[in-house]
Amino acid sequence: MRHFHFPFSTDFKLHTFHSHRDMKGLIEFVPTSLLSEHDSLSDIENSDEDTSVPSNSVLYSIFLVLNTMIGSGIFNQPFVVANTGVALFVIMFAVAATFTWLGLVTLVEVGVSLNLMDYGSVASYTFGAFGEWLVEFAICIYSIGALLSYVIVIGSLSDNLVVSWGWKDSAYGIYYITSGIVLLFVLPNCLRRYFAHLTFVSVISIASVFCVLCLVVIAGPIVSTEKVIHPAVFIPSGIFSELGSIIFTLSCSTCTFHTFKFMNYRIRSTSSWQLVSTTSVCVGFTMCMIMGLVGYFLFGFNTESIVVNNFHGHYADPFKVLVVLHLILYIPLDFTILRYSLLKCFGVSSGGFTSWGLHALFSMMMLTAVTAGVLLLYSAGWTSGQAFSIVLNLSGGIAGSMTSFVLPAAFYVINMPYSAKYYTPCVMMFFLGTALIVLIPYSIFAKIPY
C-alpha cells in the first residue's frame, strides 16, 4: 500500500491518504487545501472581478465538461460518416470516446496523487519546465483551432441567414457580420476570468444543441429527398483524414482541472469526478452518434460539412439561430482556457492579470486575432465548409491527440505504480495517440489539392 503525505491539515482531519489503487483505483476526499501554490483558492479570491469563488455541483460540472466537448464538431459528424462509412465511424467514435474518458479520469487521479491541480503543473513535475511549456502550447494550439472553427460557423451561418431575410448579398458581407457578432455578443462573456463562472451559459448552450438535434431527427425525414438505402459501411481512405474531427468533437481534457478544482469541496473526490466524466462522455457520445448517423442516412454523400446547411427554407432559420447562439455561448469556455494557458506561456501567473484593464485589453487582443484569422481564410478563397472541416481535423488530430491521449497517458505511466488500475490501458493510449499525431496530418495534407 502506498501512502501520500500532504503537508497540511485537511477539512477531514486526515494527514495521510491511503491509496487502494489495486482494489479500487480511487483516491477519496480531495480537500480545499489541495489547490496548491500552482493554482490555489487564495489566488482566485484575489480576483478583482468577483468576490465569490465558483463552487459547482456534480450536475453543473457535467454541463461544463459536456459543453466543452460538444462544440462545433457535432455538426460535422454526418459529413464524417459520409467519408468513413457507418461501421468505421461507429468503431472510431467508440474507441475515441473510451480513451477520452480514460484521459479525463487519469488526469485527475495523477493530479490528486501529486497534490497538483493544474495541467501544466503536472507536466512540470513529470517532465520539467519544458513539459509544462509543451502542455500549455498544445492547449493553445487546440483552443485556437477550436475558436477558429466556431467563428467560421457563426460567420457563415449568420451571413446565409441575413441574405435569406433580404439583406443585399455582398462579397464583404460575411466580414462585417462576423466582426459585428464577435464584438457585440461574444466579447462580453470572454471578459469573465474563470472557466467555472460559465455554468449557466453551458446549460443554455447544450439546450440549443439538443434543439438542433431534434431538427435533424424530426424534420430531417420530412424534408430529405436523398435518403440512403444502401449505406457505405467501410471507407478506408477516411480512417485518418476524418478521425481528427472525431477526436476534436470529443476532446475536453483541457477543462479537467478548471472544472474539478471548482467542484464544491464537500463532493470533490476522484469518485465524483469519475461520475462527471462517465456521464459527460456517455451523453456526448450518444448525441454525436445520433447526429452523425441520422444526418448521413438523410442526406447521404450530399451531406454538408455543417449539417444544418442541408436544411433550406425559413422553417430551419430558428434552429440555425440556435447553432449561432450555442457557439456564441460556447466560445468563452475555450477562450478562457486559451487565455489561461497563453498567459502561462508568457510567464504570467495562473491568476492572470490583477489589473482589470490589462485583463480586458489582453482578452480583446486575443479575440481580435482569432477573428482576423478567420477573415484571412475567407480572403484566401477558402469556403466556410472547407476551412471548417480542415481546421477540425488538424486541431483534433494534432493538439487533441496530444492533450487528450498522449500526455494524460504519459503522466499516469510515469507517476503511478505498475499495479495501478489504468496502467496498461494508458500504455496503449500513449502509443495510439503518438501514432495519430503523425498519421492524421499526413492524410489531411495528402488530400488537399495544390
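Predicted model: local features only at pLDDT ≥ 70, side-chain atom pairs only at ≥ 80, totals over all residues.
**Exercise 1. The largest pocket**

Which helices each supply at least two residues of the lining of the largest pocket?

*Solution.* Residues are numbered from 1 along each chain as its sequence is written, and side-chain values use heavy atoms, with hydrogens and water left out.

Step 1. Set up the search on a 1 Å grid over the protein atoms alone: a pocket is an open set of points with protein on both sides within 12 Å along at least five of seven lines, whereas a cavity is a set where a 1.4 Å probe fits but cannot get out.

Step 2. Collect the lining, meaning residues with an atom within 4 Å of a point. There are 13 such residues, and Gln386, Ser389, Ile390, Lys447 and Ile448 are the closest to the pocket centre.

Step 3. Assign them to helices, which are DSSP runs (H or I, at least four residues) numbered from the N terminus. H3 (77-84), H9 (238-250), H14 (384-415) and H15 (423-447) each supply at least two residues, and the largest share, four residues, comes from H14.

Step 4. Sort by class: Ala, Val, Leu, Ile, Met, Phe, Trp, Tyr, Cys and Pro are nonpolar, Asp, Glu, Lys and Arg are charged, and the others, Gly among them, are polar. The pocket lining has six nonpolar, five polar and two charged residues.

**Exercise 2. H9 against H15**

Describe how H9 and H15 pack.

*Solution.* Step 1. Take axes as lines fitted to C-alpha atoms, for helices over the stretch in contact, with angles from 0 to 180 degrees between N-to-C directions. H9 and H15 pack at about 120°, with axes 7 Å apart.

Step 1. Classify the angle: under 35 degrees is roughly parallel, over 145 roughly antiparallel, 65 to 115 roughly perpendicular and the rest oblique. H9 and H15 are therefore oblique to each other.

Step 2. List the contact (heavy atoms within 4.5 Å). Phe240, Ser241, Leu243, Gly244 and Ile247 of H9 meet Leu436, Leu439, Ile440, Ser443, Ile444 and Lys447 of H15. By class, this contact has seven nonpolar, three polar and one charged residues.

**Exercise 3. Two partners of H12**

Find how H2 (residues 58-69) and H7 (residues 173-190) are set against H12 (residues 317-345).

*Solution.* Step 1. The axes of H2 and H12 come within 10 Å and cross at roughly 105°, which makes H2 roughly perpendicular to H12. Leu64, Asn67, Thr68 and Met69 in H2 meet His326, Tyr330, Leu333 and Asp334 in H12.

Step 1. For H7 and H12, the axes come within 8 Å and cross at roughly 55°, so H7 is oblique to H12. The residues in this contact divide into nine nonpolar, one polar and one charged.

**Exercise 4. The second largest cavity**

Step 1. H10 gives the most, three residues.
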